[in-house]
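Dear colleague,

I am writing to hand over a structure for your study. Please find it directly below, followed by an account of what was found in it.

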Amino acid sequence: MKYDAIIIGGGIIGASIAYNLTKQGMRSVAVFEKNYISSGSTGRCGGGIRQQWASPENCKLAVKSVHLFEKLDQELGFDTEYYQGGYLLLAFTDEEVEQFRKNVVMQQGAGVPVRLIGVDEVAAKFPFLDTSDLKAAAHCRTDGHINPMLVNQAYADAAKRNGADIHLFTEVVRIVRDRDRINSVITADVRTFETGVLINAGGGFSAEVAAMAGITIPTRPQRHEILITEPLEKFMDPMVIDFHHHIYFRQTKHGSVVMGYGDPHEPYTHNIQGSLEFLKTMSLMITKVVPAMKKVKIVRQWAGLYNMSPDAQPILGKVPGVSNYYQAVGFSGHGLMLAPAVAELMAELIVTGRTSMDISDLSIDRFAGRTEFKLEKAVV
Amino acid sequence: MSSEQDRDIIICRCEDITEREVRECIRRHGLTTVDEVRKILRAGMGLCQGKTCSALVRRILAEETGKKAEDIGLPSARQPAKPVEFGIFLQEGDR
C-alpha cells in the first residue's frame, strides 16, 4: 500500500491537515491514529479560541484561524458549537496592565479587534467576576470557543469524504528512512505503508514520532489539568483567562463550565492522571475570581498534555537533512485555535512548496545554535 | 436491542439521548467504542457519569459493529465519583 502523504496523529492538527491536503488536490492521504479521533490532547483541551497573543507570529496565525472558523461549520457541514462570545484577559498588577497595553497595540496592528477596558466597565458587563483586586482587562469580541471533539470529528469526517483513509487504533511503531528520505511506516499490526511525504502531528508524542524518523526536536510533554461543572443557566459570554492565578474558564453551550489551572512547576512527563491537588488549587483560584462558584458542583476532572516548545510557539515545516518530512508540533497548549490556519498553510507547503502567509519564522531553524528564547508569555 | 418503533427510548437519562440518536451517531461517524460515542454525543457525560448508559451504549455498539459486547471496552472512569461542590475543597476561612 502506498500513499502520497501519511500523517501521524488524529488530533485536530492531523485531521485538519488531512482535510486541507485533500482539498488542495492531493489524492491519496492517510491518517494513522493509535487511539481514536480526539482521544489525545484535542479531546482534553479547554476549547478556547483567541487572537490576543504576545507574539506577532501567534497573532497572525490566530487572526487567520478565526476567519476560517467563522466559515468552518458551513464548509465541513457540522455544528461544532463555535461561539464568538469574546475573550477577556484579566490584569491584577501594574506590570500586567503595562504588558497588556503593549500587547493591545501590537494586536490591533495585526487586525485584532481588542481593547483595554477599565474595572468599572468589567464590573458592569461581567457581574459574575469579583473585581475588587482587578486593575484592568483586555477584551476581544471576535474571540470565543468551540467544542474540541466536534471540530476534530468534523475535519476527520470531511477528510474521509474527500477520499482520505483514517486508520484508527493503528499505531505507527517504526518509520523507515533511507538517508535524506522517509520511505515507509510500519504499524503495530505489522503492516507496511509506503509514503511520498510524512507529517508529524503527534501532539504530546511529537518528539517520539520524530525520533522514530531519526530526528531530534525540542518538544516536551507537560500535563495540564482541567475540570467541568454541572450545567448552569447561561451567565457568561466570554471565555476568561487570568495569567495571575494561572486559570482559564468558559461556559459551554451545554451550560457546564470548563476550567483549567496551569501549574507553573509541572514537570515534563507523559503523566495525564488527574490529581486531588488540582481540585484544591482550582477551587481556591476560581472562587476568588468567581465567588458564586463555591456552591457549584464539579462533575468530572481529567488532564491532557501540552506539547511544549522552547519558546511556547509552534514548530512548523521541514527540518534540515530530511527531504520529505514535515511537522506541525510544539503548540504549547494552543493547537486547537491555530489549527485551521496552520493546516491550510502546511498543506500549501506540502503541495506547492510555498505558503500564502510567511511561516518561516516558526520553522525549527529558529532554535539553531541558541539556548535562550523569547518566550510567548500569554500562556496558562 | 429493540424493534424499529422502540428506538425513541432514552438511553442516557442525564443528557436525554435516545437509542435512535446513538445508532445514527455510530453509523454517521463509523464509531466502535463507548468513549467515542460519549465524546461526540455526550451520552455518559452527565451528572451520573454514564453509570447506567455506558453498558447500554456498549450493547448497541456490539449490534452495530457485529462485535461481542465484552470485546468493546467501557469508558475511562474519571473522578470525582459523585458531583462535589468547590466549597468542599476550601479551607474553613475561605468558604
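Which residues line the largest cavity? Before the reply, please note that this is a predicted model. The residues in question are A:Tyr19, A:Asn20, A:Lys23, A:Leu68, A:Leu72, A:Glu75, A:Tyr155, A:Pro340 and A:Glu344. Two or more of the lining residues come from each of helix H1 (12–23), helix H2 (56–76) and helix H8 (335–352) of chain A. By class, the lining of this cavity comprises 5 nonpolar, 1 polar and 3 charged residues. The space inside the largest cavity is about 70 Å³, and the structure holds 3 cavities of 30 Å³ or more.

The contact between the chains

I turn next to the place where chain B meets chain A. Chain A contributes 36 residues to the contact, and chain B contributes 27. Between them, the two chains bury about 2,800 Å², and carbon and sulfur atoms give 60% of that area. On the side of chain B, the residues B:Lys39, B:Phe86 and B:Phe89 supply 29% of the area that chain B buries against chain A, more than any other three residues.

How many salt bridges does the rule find across the interface of chain B and chain A? The number is 0.

Within chain B, helix H2 (34–41) and strand E3 (84–85) each give two or more residues to the side that touches chain A. Helix H2 of chain B gives the most, with 5 residues. Taken by class, this side of chain B has 9 nonpolar, 7 polar and 11 charged residues.

The second largest pocket

The second largest pocket contains about 570 Å³ of space. Its lining is made up of 31 residues, and those nearest the centre of the pocket are A:Glu81, A:Asn147, A:Leu150, B:Lys39 and B:Arg42.

At least two lining residues come from each of helix H5 (148–161) and strand E16 (297–308) of chain A, and from each of helix H1 (19–29) and helix H2 of chain B. Helix H5 of chain A gives the most, with 5 residues. The lining divides into 12 nonpolar, 7 polar and 12 charged residues.

With kind regards

Conventions. Residues numbered from 1 in each chain as written. Chains lettered and ligands numbered in written order. Predicted model: local features only at pLDDT ≥ 70, side-chain atom pairs only at ≥ 80, totals over all residues. Heavy atoms only, no water. 1 Å grid on protein atoms, 1.4 Å probe; cavity = no way out; pocket = protein on both sides within 12 Å on 5 of 7 lines; lining within 4 Å. Points joined across faces, edges and corners; volume = space filled by probe spheres on them. Helix = DSSP H or I, 4+ residues; strand = E, 2+ residues; numbered from the N terminus. Nonpolar A, V, L, I, M, F, W, Y, C, P; charged D, E, K, R; others polar. Contact = heavy atoms within 4.5 Å. Buried area = accessible area lost by both parts, 1.4 Å probe. Salt bridge = Lys/Arg side-chain N within 4 Å of Asp/Glu carboxyl O.
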